[in-house]
Amino acid sequence: MSIEDDIAFLERVPTLALMGREALRVIAISVEHFVLARGEALFHEGEPADCAYVVRSGTFLIAPDDPDLAARPGNAARVGEGALIGEMALLTETRRPATAAALEPAEVLRIPRNMFLRTLESYPDAARELTRRLSERVSATLADLDRVRQRLEAIDGGRRP
């Protein structure tokens with residue numbers, strides 16, 4: 001893969017596309033390509049997270065290690081080409097909330113946090129756009145949580161333990 005191929009691919013990832021082509025050029029120069037076999041873990045739940053991954057090919061199952069938790073609706077996801085896995089690790093120190101395992105042979109691009117943050121420092125317009133979009137997503141999530149809270153209060157008549 002050439003740098004130009006990587007840039008073109010990264011431009012198709014919605015969160016990364018916000019950054020613009022020149023910022024993505026810097027990121028594309030720093031990405032590492034990894035190939036995984038079927039069943040191989042990309043990372044494990046609880047591990048420190050210092051990067052994000054973009055799925056170039058293949059499919060991953062992202063799920064908690066606890067099978068009971070993984071079986072609950074919304075706790076596991078299958079992601080494929082173009083998915084950005086672990087995006088919060090690009091912005092802050094965190095731990096992996098679940099394990100990501102390849103369901104078939106796969107290739108990913110690893111984006112290190114330190115390079116991502118340096119790129120944002122060098123491209124303030126990209127940082128502003130990314131901040132704006134992430135703020136919108138947080139606001140939408142908080143609104144969703146508020147609706148759930150209202151429904152739960154309606155179910156139990158507003159009683160609080």
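**Surface, cores and helix faces**

The protein exposes about 9500 Å², and carbon and sulfur atoms supply 54% of that area. The model is a predicted one. Taken along the principal axes, its C-alpha atoms fill a box of roughly 60 × 40 × 25 Å. Six helices and ten strands are present in the protein. Of the 161 residues, 35% are buried. Among contacts between residues at least 6 apart in sequence, 75% join residues at least 24 apart.

The interior comes next. In soluble globular proteins, nonpolar side chains tend to be buried together. Here the largest nonpolar core has 24 residues. The members that touch the most others in this core are Leu10, Leu16, Met19, Ile27, Val54, Ile111 and Phe116. Several elements give two or more residues to the core: helix 1 (3–10), helix 3 (21–30), strand 4 (51–57), strand 10 (106–112), helix 5 (113–122) and helix 6 (124–155). Apart from this core lies another, of 16 residues, with Tyr53, Val55, Ala100 and Ala106 among them.

Leaving aside neighbours within four places in sequence, Val54 is in contact with Phe9, Leu10, Val13 and Leu16, with Gly82, Ala83 and Leu84, and with Glu107, Val108, Leu109 and Ile111. Two of these partners, Leu10 and Leu16, are listed with Val54 among the core members that touch the most others.

Helix 3 can be followed residue by residue. Its buried residues are Ala23, Leu24, Ile27, Ala28 and Ser30. Seen down the axis of helix 3, these residues fall within an arc of 160 degrees, so they line one face of the helix. That buried set packs against helix 1, helix 2 (14–17), strand 1 (32–36), strand 10, helix 5 and helix 6.

Arg113, Phe116, Thr119 and Leu120 are buried in helix 5. The arc that holds them, seen down the axis of helix 5, is 125 degrees, so the buried residues line one face of this helix as well. On the other side of helix 5, Glu121 and Ser122 are exposed. Phe116, buried in helix 5, is also one of the residues that touch the most other members of the largest core.

Definitions and conventions:
Residues are numbered from 1 along each chain as its sequence is written. This is a predicted model: local features need pLDDT of at least 70, side-chain atom pairs count only at pLDDT 80 or more; totals for chains, interfaces and linings use all residues. Side-chain values use heavy atoms; hydrogens and water are left out. A nonpolar core is a set of buried Ala, Val, Leu, Ile, Met, Phe, Trp, Tyr and Cys residues joined through side-chain atoms within 4.5 Å. Buried means under 20% relative accessible area, exposed over 50%, partly exposed in between (1.4 Å probe, protein chains only). Helices (H or I, at least four residues) and strands (E, at least two) are DSSP runs, numbered from the N terminus. Contact means heavy atoms within 4.5 Å. The arc is that of the directions from the helix axis to the C-beta atoms. Accessible areas come from the Shrake-Rupley method with a 1.4 Å probe; for residues, only the protein chains shown count as cover.
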